[in-house]
Amino acid sequence: MEKPVVLLAEELSPATIEALGPDFEIRQTDGADRSQLLAAIADVDAILVRSATKVDAEAIAAAKKLKIIARAGVGLDNVDIKAATQAGVMVVNAPTSNIISAAELTVGHILGLARNIPAANASLKGGEWKRSKYTGAELYEKKIGIIGLGRIGALIAARMQAFETQILAYDPYVTSARAAQLGVQLVSLDELLEQSDFITIHMPKTPETVGMIGADAFEKMKDTAYVVNVARGGLIDESDLYDALKGGKIAGAAIDVFVNEPSTDLPFFELDNVVVTPHLGASTAEAQEKAGISVAKSVRLALAGELVPDAVNVAGGVIAPDVRPGIPLMEKLGRIFTALTHDSVTQIDVEVAGEIAELDVKALELAALKGVFRDVVSEQVSYVNAPVLAEQRGINTRLITTIESEEYRNVLTIRGALSDGSQISVSGTLTGPKQIQKIVAINGYEVEMPISEHVIVFLYEDRPGVIGTLGRLLGEHDVNIAGMQVARNEDSKQALAVLTVDSALPQDLLDQLTVEIGAVVAREVDLQD
């Protein structure tokens, strides 16, 4: 078998390649060179990028086999997530790879501002010895204001407590119990701005947070206060920052991120009371290595057909160990469901019954939809675009859970309403230490049949001789029956037969079987990958 192809569009650490392992063909290109990128991406299964490669709709359209875009870092400004989702391409990043590096840079900037380190360094190297000019301030007993008490904010709080500072924090989504656990005092944003000696912002960039620190905020700060932004460009209004620094409304600032990057000539760059760095938050060897290893692991999972915890365009998240074995079963049930349909589907209910219903089983809904669409659409179907395909076709979907399961520990069911008013359902379970995949019901008929690569379903008028006819005709054509289950409905006088066979049936043989037994429904499902 040919190895899946992984394209490295930028320079990544040797640890990244090592984490990918020997199961892939590794290629390299200069992703910043547009012509090189479009040519190189055409037949790859995965692409790994940093920030210089733009993976937009054009690049995604050119990549006919692409399954995953992996950004070895946090931001995804250079990836068209919407286009990727429409194409069924997973997008992953490394959301925790740089948190320590970003926290440490923030602390470094706070120390640099407090003790005038950058300015004193430049002065001395310029031939001046002016100790009195660069008299600084101790951090001891100062108030540190942290806007956004997420992972990075919490790390900064922990580190700044070592200086015996008082930590104030504003975060509307953090509970007082969590703040107390971190040794932080929760306050309103206005209180933080008014009381803090050093203010650092660690919020996501959204329409609500852009310009969050602007002229009004600077007016509320002490004239001895310093502000730091190592999070996202634009959280601090750059024009208002210049005015505040120039007018002495605050003592100084340290800025690592900018609205437009690269930026080399903003007006406040000329001021002595501002320290700027060229977006160094994640620029440590350790952060780069963590990011590369993290996305390499995600690529391995994605190309193995697994859900990926760090995927940004898949609603699934971390999958509990007890839920994971149900994913391939649910995909197969989805394919069987599709084979049984005879009209367009208007509603799909994914039902999970039993012990695992107490866990997060959203991944099973995604698996079911992936299976339902796999054999009926021309485009690649993945966990990413399966919900989009349902929405585009006007199919409503629901995930229904219950801990009640009478006959089996867990039962997974896909139930659908068709446009002619009829319903289709197929149920399965996993049994025994080896977690054997079984069909346990089809359209209300109870069976118990291990799933194999070739499954055949017949619905016919219940009468003697049908099973013999099936066995005879299949034997005459050298088709070996691996298993068979028959269930009857006394009210309708119909029977359902489920067979697993060792090889696929030619269409003319399936047609002959249908005629010979007078089948109302005759479907073969090829479940080979």
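The model discussed here is a predicted one.

**Helix 16 and helix 17**

The axes of helix 16 (residues 466-476) and helix 17 (residues 507-517) cross at roughly 155 degrees and come within 10 Å. Helix 16 and helix 17 are therefore roughly antiparallel to each other. Their crossing is right-handed. On the side of helix 16, the contact is made by Val-466, Thr-469, Leu-470, Arg-472, Leu-473 and Leu-474. Helix 17 contributes Leu-509, Gln-512, Leu-513, Glu-516 and Ile-517. Sorted by class, the residues of this contact are seven nonpolar, two polar and two charged.

**Helix 14 and its surroundings**

Helix 14 (residues 362-374) consists of 13 residues. From its first C-alpha to its last, helix 14 reaches 19 Å, close to the 18 Å expected at 1.5 Å a residue. How many residues of helix 14 are buried? The count is 11 of 13, and helix 14 is thus described as mostly covered. Among the buried residues are Ala-363, Leu-364, Leu-366 and Phe-373, and also Glu-365 and Lys-370.

What do the buried residues of helix 14 pack against? Two helices are on the list, helix 13 (326-340) and helix 15 (386-392). The list also holds strand 13 (345-354), strand 14 (396-402) and strand 15 (410-418).

Helix 13 passes helix 14 in a right-handed crossing. From helix 13, the contact involves Gly-326, Ile-327, Met-330, Glu-331, Gly-334, Arg-335, Phe-337 and Thr-338. From helix 14, it involves Ala-363, Leu-364, Ala-367, Ala-368, Lys-370, Gly-371, Val-372 and Arg-374. This contact has eight nonpolar, four polar and four charged residues.

**Leu-399 in strand 14**

Strand 14 contains Leu-399. With neighbours within four places in sequence set aside, Leu-399 is in contact with Val-350, Val-352, Val-361, Lys-362 and Glu-365. Leu-399 itself is partly exposed, with a relative accessible area of 31%. Leu-399 and Val-228 are 171 residues apart in sequence, and their C-alpha atoms are 45 Å apart in space.

**Loop positions**

Where is Pro-262 found? Pro-262 is in the loop between strand 11 (252-255) and strand 12 (274-276). The peptide bond joining Glu-261 and Pro-262 is cis, with omega at about 0 degrees.

The loop of His-279 runs between strand 12 and helix 12 (285-303). Lys-493 lies in the loop between strand 20 (481-489) and strand 21 (494-501). Their values are set out below.

Technical notes:
Residues numbered from 1 in each chain as written. Predicted model: local features only at pLDDT ≥ 70, side-chain atom pairs only at ≥ 80, totals over all residues. Heavy atoms only, no water. Axes fitted to C-alpha atoms, helices over the stretch in contact; angles between N-to-C directions. Helix = DSSP H or I, 4+ residues; strand = E, 2+ residues; numbered from the N terminus. Parallel < 35°, antiparallel > 145°, perpendicular 65-115°, else oblique. Left-handed = near helix turned anticlockwise from the far one by under 90°. Contact = heavy atoms within 4.5 Å. Nonpolar A, V, L, I, M, F, W, Y, C, P; charged D, E, K, R; others polar. Expected span 1.5 Å × (residues − 1). Buried < 20%, exposed > 50% of the residue type's maximum accessible area, 1.4 Å probe, protein only.
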